[in-house]
Amino acid sequence: MSDFQWNQFMAFAARFAKTVDLEAEEYTYKLALAERLRVARKAFLNHDQGWFEQLRGALASANLIDQYTMMSFTALGRTEPEILRGVIEYVWAGEPDVGRLNKFGEALGPYNPERFTNGSVATLGAVLLLGRDPEQFPPYRARAVKKFLKLVGWEDRGTNGLPALRYEILLDALDEILRLAPEHGLQLRDRLDAQGLLWTVMNVDPTSEWSVADSVALREWRGDKVENDSIEARLFGPYPATEAAARAIIDAGLLLQSSPFGGGEPTWTLKNAQEIFQRVIVNADIGTGTFLGKLELQLSGASAGVIRLAAELVALQTLPLSNLTAATRRGRIKTVLSWLGEETSLPKVIDEGLGAGGAFHGGTGFNMYQWKHLGWLASLIVAIRQQGITPDQLLEDPEQLLQVTQSLDEDVQAIRYAFEYLVWPSFAEPVVNRGHRVRIRNAFAPVIGGGTGNTDIDIARDLHQIQSVMTERDGHRIEWYDEPYSFEWMGHKTGGQRAWLVRQNQGGIAMMDQWLAEEFVSTRAQHLGSPAPGSSFEEVQSAVNSGYQHIDYSERKVRAFEYFRFLSQMNVDDLVLTPFGDKLYLGVVTGEAEYVDDETSRLRREVVWRKQPISNVDLPAPLPRLLEEQGSVVDLTDGLSVIGAWYTEDDNAEDGTAEPEPIVQPQAAVVPQLREATAELAGRLHVEQKHLQEIVRLLQTRQQIVFYGPPGTGKTYLAGKIARFLAGEEHGDHVKTVQFHPSYAYEDFFEGYRPAKTEGENVGFSLEPGPLRRIAAEASLDGNRDKPYFLIIDEMNRGNLAKIFGELYFLLEYRDQGINLQYNPQQTFVLPPNLFIIGTMNTSDRSIAMVDAAIRRRFAFVELHPQDGMISGLLERFLTANGKPSLRADLLNALNNEIEATNRDLMIGPSYFMKPHAETDEGLEEIWKYELLPLLEEQYFGRLSRDKVREKFGLGAMRKKAGLDMGPVDISLVAGPTQSGPADGAQSDELEQLFTETDEAEA
């Protein structure tokens, strides 16, 4: 340990202690977190059902754990709570022991090795220990701790070791801070106090009370790379590698220094910028081809300076995009530089920036607008040079820069916001969607006492102040697209890309030509009023009711749904499709909803349209069905996998590199290929493999089958076993069972209104899904669409099928189409093709001939009969496989032979004789007495008396029918011969006496 290095740290710590309220900033909120963790631990130890959500809420409230680790931890807790419970016991059970962090990490790591690293395990474990004793077990933050230990000379003590060692080193360091504190005039109470001071020194910016010299000294000691007074004001922001690369290009360009891409001369000259603008914008190539392919042609014959400037501007457009791979970013720049015809290497700082993760997701539109972005950057350089703006002004005052960027004749907002951020990352937020910027500012404006105005400069200033206040309050920089902050300004908005159909012929006015020419999509909305983007459905409905009183109420409801989709559900980067003639035109939404003064297209969104339309002939499923749905604005997200593939064909070409971006689209809904029946399955079920494979083929082609037959034929059992085999044993939750009965209805099976508590503890009604709707929704989820799901409907013929299925009859026959629902008339429901239905019908309960003809047409009916098909001989196979004599099978055959052929539906299945207690004579007598005879009495009611039924079908009678030379039920349970052959001597007499006694009892 170096006393000098420790004294340096302690000196800065003493300075911070005088200028920062550590009690409020660090100590108090960690104690509050510890209390929440203590409550969660108590619930954990008591095995309360909600223990994990309490723990998750506590962890999320303090942001001591990085978002990706937290997401992985949450996913494990919600999918495998019992596994996570076993992991957490290492930390929360017994006496607190830092050494158990290693066991904690060994148990947790395999569930996500990429996220649950030694550092993140130490962080998680430390926070859990905080809930046991915050004064002794403060939080651990890997990056800050490693940097701190290096600065004080402790980097060789195991900072890259296992979790327990890492945390023990921190505790030792905190004890050292406590030891040194009095020497530097510091009063620290415990390790938690010391940890808060350590975090502050390593992460917090000095206040205005610090002298310039002290501030520079601190930043240099921490490695903040402050070089001079002007750059001190332009500190790096959340993505320093990206920002440093951009700064190397921007500063050299504005200050007319040599290009970082070589050549020994400045590139940001008026002449070079004007030439790029002329070649790219004035002589724009809007035909087919990739952006880089067209740019190469446009720059053909240009000077080396122009080509280098183009490479710099392409780099600025590409650097901040987190949705591009490092290879793609580097590939774009190297492609442009290759046009110089000479070897040009990338400077290290720029290469590192291109290899970093970027700063924001630019979306699809950002990629399609490359040529516009390049032109805007060139026009900015032209404006700076023509207006004689001093570059130092732009690098010393962010608002000076914003005034210049917003003064250009044509505003391309996304690249403007990106450039402002790259120049001033410590001031401008990396949010390039204006609608998002406004909503973030509005949502969090109360923390600064309200917004200052609605110009872009006002909003940028407000966002900067909000970021500063909330960073200081929460102890870390705020990521606006991460929870819980995203929920505050996005509200109920759903995530993920969606696709929409917007019909171009609205109110008899064809809009396609105007949409393509002016790059937008619209609805007329001439009487709508002006509900804000993001409005709730109720707010939109109210506006429609006010403005459209002249139309029928049913049409008003339709309009309300359409405008709500356009205003509040459609998002930037969603895909939009519109049919025109025999073509489909595809675009990507690039702007928020806005109102314009145009009666034919008052409500608009900016759209970048795909250059080439798509043929409207022989479209793949499910698009034909989706395009037939009624309305001007229709949700096409079910077809996103197909639509996205079309768009990707055009979009990937824009990269012009060898490595197109991987674009993950939702899975297509398909009928999954079912696995073949195996000999092992046939052996387990005692059914011939060929019969099982026939069932699999029926399910593959029909998707809906019914097992019908007499009682005891194993219909429900086989349905469950076959379904679970086909779903995969690891997907047992993909099989659901429901039983029909006379009082069962559509509202129980699909959806209906149920009593529910409302706000204020009042009782009202809410629309609740039934089992079919729930399993259909699960099967339709992205990630599940290629996996088989099974719904088993037991006792299907006991219900009123027409009443239960309602309009769903249609979907059973037409799986590729949708239908409007009884309780959701504005919503179209589709029965997913990967959902298989297996019904069972007991023919003794109601004859199969009485079943609704519509159901018969929609299902394949498979008879399970004890004397035919795959059930025939099942009991014999079962007994043989288990080494049992054949008496039970002989008794069953004798019983069914006694039942007349005209009563075929009344015959008895083998399952009665496969129960464990059927192996004994006592058990068999009980089965006969309490299960079979009552069933037969009911079936023969009115034809045979009770005594006649017992005389005709009693166990004794059946034993005689089966032959007196038969042995006991299970000869292995009786002393004597081990074969099921004839008994002789005393044993024969015993059997004869038993038969006689049985006959007398039955009589």
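Modeller: What follows starts with the sheet and then turns to the cavity and to a few single residues.

This is a predicted model, in which local features need pLDDT of at least 70 and side-chain atom pairs count only at pLDDT 80 or more, while totals for chains, interfaces and linings use all residues. Residues are numbered from 1 along each chain as its sequence is written, and side-chain values use heavy atoms, with hydrogens and water left out.

The protein chain has 45 helices and 19 strands, where helices (H or I, at least four residues) and strands (E, at least two) are DSSP runs numbered from the N terminus. Of its 1003 residues, 52% count as buried; buried means under 20% relative accessible area, exposed over 50%, and partly exposed in between, with a 1.4 Å probe and protein chains only. Among contacts with a separation of 6 or more, 66% join residues 24 or more positions apart, contact meaning heavy atoms within 4.5 Å.

The sheet you ask about is open and has five strands in the order β12-β15-β18-β11-β19, with parallel pairing. Its edge strands, each pairing on one side only, are β12 (735-739) and β19 (860-863). Two strands are said to pair if DSSP finds at least two bridges between them. Neighbouring strands of this sheet are turned by 20° against each other on average, direction ignored; axes are lines fitted to C-alpha atoms, for helices over the stretch in contact, and angles run from 0 to 180 degrees between N-to-C directions.

Within the sheet, strand β11 (residues 704-709) and strand β18 (residues 835-842) pair in the parallel sense over six bridges, and Y708 stands opposite M841 in β18. Helix α33 (residues 689-702) lies across β11, β15 (789-794), β18 and β19, and runs at about 140° to β11.

Elsewhere, a search of the whole structure finds one cavity of 30 Å³ or more, with a volume of about 50 Å³ for the largest cavity. On a 1 Å grid over the protein atoms alone, a cavity is a set of points where a 1.4 Å probe fits but cannot get out, and lining residues have an atom within 4 Å of a point. Grid points are joined across faces, edges and corners, and a volume is the space filled by probe spheres set on the points. The lining of the largest cavity consists of P139, Y140, R141, A144, V145, L170, Q195, L198 and W199. Helices α8 (142-151) and α10 (191-203) each supply at least two residues of this lining, and α10 gives the most, with three.

Note on methods: On a 1 Å grid over the protein atoms alone, a cavity is a set of points where a 1.4 Å probe fits but cannot get out, and a pocket is an open set with protein on both sides within 12 Å along at least five of seven lines; lining residues have an atom within 4 Å of a point.
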